[in-house]
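I set out to record what I looked up in this structure. The entries follow in the order in which I made them.

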There are 2 protein chains.
Amino acid sequence: MKTFIGVDLGGTNIRAAKVDEEGNILQMVKDVSEPDKGAEHVMSKMIELIERIDGYEECEGIGMGIPGPIDTIHGKIIVSTNLPKLVGYPIVEHISKHFNKPTFIDNDVKVATLGEACLGAGKEYPIVYYVTISTGIGGALSIDKKVLSGQNGHAGEIGNICIDRNRNKYNILNVGAVENEASGTAITRKGKEVFGDTIQHAGDVFELARQKDEKALEIVDNMAYDLAMMFSAIAHVCDPHVFVVGGGVMKGKDVFFDKMEKYYRDMIHVGMQPVVFKEAMLEEPGIIGAAMLPMTKIA
Amino acid sequence: MKTFIGVDLGGTNIRAAKVDEEGNILQMVKDVSEPDKGAEHVMSKMIELIERIDGYEECEGIGMGIPGPIDTIHGKIIVSTNLPKLVGYPIVEHISKHFNKPTFIDNDVKVATLGEACLGAGKEYPIVYYVTISTGIGGALSIDKKVLSGQNGHAGEIGNICIDRNRNKYNILNVGAVENEASGTAITRKGKEVFGDTIQHAGDVFELARQKDEKALEIVDNMAYDLAMMFSAIAHVCDPHVFVVGGGVMKGKDVFFDKMEKYYRDMIHVGMQPVVFKEAMLEEPGIIGAAMLPMTKIA
């Protein structure tokens, strides 16, 4: 069976894995990334790490997932908060020359989308829209196991979709951007506004909602409606077969998800109702999806 | 040069044309469709019409554009207000058997998208989002000269995107659906509310705006903002290279379009600014796009 190398490059750690065609992780290695020491240093780390994988020489290709907007054509990072010294560095050129293997790069959410679309919850469906609800909200469209990057690598920047123009402005995102209203960060902020510093994270608000606290239920109900508005906008653009939903906030799915889906189904045409929601199922969609980059490009 | 047959089937007329690979219409014929006489009657009309085209036997394939949601896989109409007796009829099977040629069908907006993406204003761009602003608002995503139909043929039903949850409910569309707030029909309704029956269509409101009537300018300003909200939602989903904009309401582009674009550019990330707007340029995008269906599938 063919094998591929998937790399997850973050601001703190680099992880590399050998993955087979069926998405099984055969070996995984990890090291700190130390991005403050510069691009060359991070590249050396990554190369060392890959060379620690048994039989890396036989792998068919290398795929890398990196946070932030990525120039997939030229193999570079466009913008990065965690890896600023790597912006513009020819990552793909450097790695592909060293290993003499086909090498690809994409945004971490897009490679996770590819992982879920090829081997996870979206496996059976042609049009998959992956949504991750975590600190932020992001996503990506996959059609026939290929992921849309967009002209500027910004396809799937759905956290910036405005779901209500009558909200406050918080940061560079739009007024009423769904990420500022329904992400983990947003629910934590709203929880603190009502309950004070007893709220440490979104899970605390969900726990109060489970205990039928009315104010917590109100926060959750608004979150469900806001998310439904976002899902509805996406659906009218691309009418997917499935929404695959992942991210840490899904730990509270028992509290908000059914409400969200009910609101959502009232916001789409009758003919669009066959769409289904699935929870993301891969434990490591990022690293598996990264490994799928060379597979879906070569095959 | 290869030639293809494009058919535009509407509630009033059927038109068929012979189109070459470069999108030149070599011959066009037309007849009434008389859909009240049933599906078999309309099929006979269509066949007669195609057989009136000189050299139809040598054409490589047949493509048909039809209003409403289309099942492109099974070659049938799903829902239709103008052609109710054709719903569910195996149109593609019937026509392909008769002519023994590859035959394809899609929604009229989607074939127009294909026409503009292959041969019109979107020709130079990989990711094209076509938007038509007319009686209604619709659109479609084209990637590498292929159009996305969606699971249910509803991809591009962007008229139902909610751009403001604090509006009135008018019909089956969502509260604040952009089609109910910024289409030709919507601008006519808003014009009548302010100016009474002197307003016959959206163009009358645009004319008053040209004369600097403050109330007309207010309608137009709201329209521009509402459209910007819709374009922004689409852009965050798929980050296109170009928006190609057509439809009768573009006759008033001098009044609303620059405002719209300015609002829009404030609603997207810095990295997404390279996106451009182009006006749809084909005189007959529907019939040319229909003829492109067999070309883009065969080639």
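**Entry 1: helix α1 of chain B**

I looked up what covers the buried residues of α1(B), and the cover includes β1 (3–9), β2 (13–20), β3 (25–32), β4 (62–66) and α2 (91–99) of chain B. Contact here means heavy atoms within 4.5 Å, and buried means under 20% relative accessible area with a 1.4 Å probe, protein chains only. Helices (H or I, at least four residues) and strands (E, at least two) are DSSP runs, numbered from the N terminus. I noted that the buried residues include B:Val42, B:Met46 and B:Ile50. An α-helix has 3.6 residues a turn, so residues three or four places apart point the same way.

**Basis**

I worked from a predicted model, in which local features need pLDDT of at least 70, side-chain atom pairs count only at pLDDT 80 or more, and totals for chains, interfaces and linings use all residues. Residues are numbered from 1 along each chain as its sequence is written, chains are lettered from A and ligands numbered from 1 in the order in which they are written, and side-chain values use heavy atoms, with hydrogens and water left out.

**Entry 2: A:Phe231**

I found A:Phe231 in helix α7 (residues 214–238) of chain A. A:Phe231 is buried, at a relative accessible area of 0%. Beyond its neighbours within four places in sequence, A:Phe231 has contacts that include A:Phe243, A:Val245 and A:Phe277.

**Entry 3: sheet of chain A**

I traced an open sheet of 5 strands with mixed pairing, in the order β10-β9-β8-β11-β12 (chain A); strands pair if DSSP finds at least two bridges between them. β10 (146–147) and β12 (276–279) of chain A each have a single partner strand, so one side of each lacks a neighbour in the sheet. Strand β11 (residues 242–246) of chain A pairs with β12(A) in the parallel sense over 4 bridges.

Technical notes: Buried means under 20% relative accessible area, exposed over 50%, partly exposed in between (1.4 Å probe, protein chains only).
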